[in-house]
Amino acid sequence: MVTKKTKRTCKYGHIFYKSTDCPTCPTCEKLKEPPSGFLALLSNPARNTLLYHGIDTVQKLSSYTEKEILNLHGIGKTSLPKFKKALESEGLTFKQKE
């Protein structure tokens with residue numbers, strides 16, 4: 001069964017089509033993407049999760065264990081190599097288990 005897409009307009013006037021009831025405007029999401037830094041390497045769900053939890057720098061990321069990061073909703077195992085590379089480039093690692 002094919003779900004019909006409905007035409008929508010976000011509060012900023014962007015017109016888009018969605019087949020679900022998700023209100024997220026794809027144009028607005030694209031505009032929020034950072035141009036550089038480790039957050040630019042991530043998918044929107046992963047980036048939004050980190051930002052929601054106040055993790056906006058590699059230094060802040062290093063204060064968490066891998067397990068703590070993976071337990072956040074929106075973070076998957078495919079993000080780990082990107083995190084590790086970003087940490088390594090700054091001479092950092094994930095926090096070790098206590």
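Helices here are DSSP runs of H or I with at least four residues, and strands are runs of E with at least two, numbered from the N terminus. The model on screen is predicted.

**Whole chain**

Colour by secondary structure to begin. Five helices and two strands make up the elements of the chain. Their order from the N terminus is β-β-α-α-α-α-α.

Next, show the C-alpha trace alone. Along the principal axes, the C-alpha atoms fill a box of roughly 50 × 30 × 20 Å. The chain has a radius of gyration of 17 Å, whereas a compact globule of 98 residues would have a value near 13 Å.

Switch to a surface. The accessible surface of the chain is about 7200 Å², and carbon and sulfur atoms account for 55% of that. Of the 98 residues, 28% are buried. Among contacts in the chain with a separation of 6 or more, 31% join residues 24 or more positions apart.

Colour the surface by charge. There are 17 positive and 9 negative charges, and their mean positions lie 10 Å apart.

**Stop 1: Glu29**

Select helix α1, residues 26-32, which holds Glu29. Is Glu29 buried or exposed? Its relative accessibility is 15%, so Glu29 counts as buried, the cut-off being under 20%. Show the side chains around Glu29: beyond residues up to four places away in sequence, Glu29 touches Thr24, Asn44 and Asn48. For a distance check, pick the C-alpha atoms of Glu29 and Leu51, which are 22 residues apart along the chain and separated by 14 Å.

**Stop 2: Ile55**

Move to the loop between α2 (44-52) and α3, where Ile55 lies. With a relative accessible area of 0%, Ile55 is buried. Which residues is Ile55 in contact with, leaving aside its neighbours within four places in sequence? They are Phe38, Leu39, Leu50, Lys60, Leu61, Tyr64, Ile69 and Leu72.

**Stop 3: Thr65**

Continue to the loop between α3 (58-61) and α4 (66-70), the place of Thr65. Thr65 has 11% relative accessibility and therefore counts as buried. Apart from neighbours within four places in sequence, Thr65 is in contact with Phe94, Lys95, Gln96 and Lys97. Keep Phe94 displayed for the last stop.

**Stop 4: Phe83 and Phe94**

Select Phe83, which is in helix α5. Phe83 counts as buried because its relative accessibility is 0%. Its contacts, leaving aside neighbours within four places in sequence, are Phe38, Leu42, Leu50, Leu61, Ile69, Ile75 and Phe94. Among these, Phe38, Leu50, Leu61 and Ile69 are also in contact with Ile55.

Now show the rings of Phe83 and Phe94. How many aromatic pairs does a search of the whole structure find? The search finds one. The ring centres of Phe83 and Phe94 are 6.4 Å apart and the planes are at 85 degrees, so the pair is edge-to-face. Angles over 60 degrees are counted that way. Phe83 lies in helix α5 (residues 80-89) and Phe94 in the segment after α5, so the pair ties together parts that are eleven residues apart in sequence. Both Phe83 and Phe94 are buried.

Conventions
Residues numbered from 1 in each chain as written. Predicted model: local features only at pLDDT ≥ 70, side-chain atom pairs only at ≥ 80, totals over all residues. Heavy atoms only, no water. Rg over C-alpha atoms; globule rule 2.2 N^0.38 Å. Buried < 20%, exposed > 50% of the residue type's maximum accessible area, 1.4 Å probe, protein only. Contact = heavy atoms within 4.5 Å. Areas by Shrake-Rupley, 256 points an atom, 1.4 Å probe, with all protein chains shown as cover. Lys, Arg positive; Asp, Glu negative; His and termini not counted. Charge placed at Lys NZ, Arg CZ, Asp CG, Glu CD. Phe/Tyr/Trp six-rings, centres within 6.5 Å; stacked < 30°, edge-to-face > 60°.
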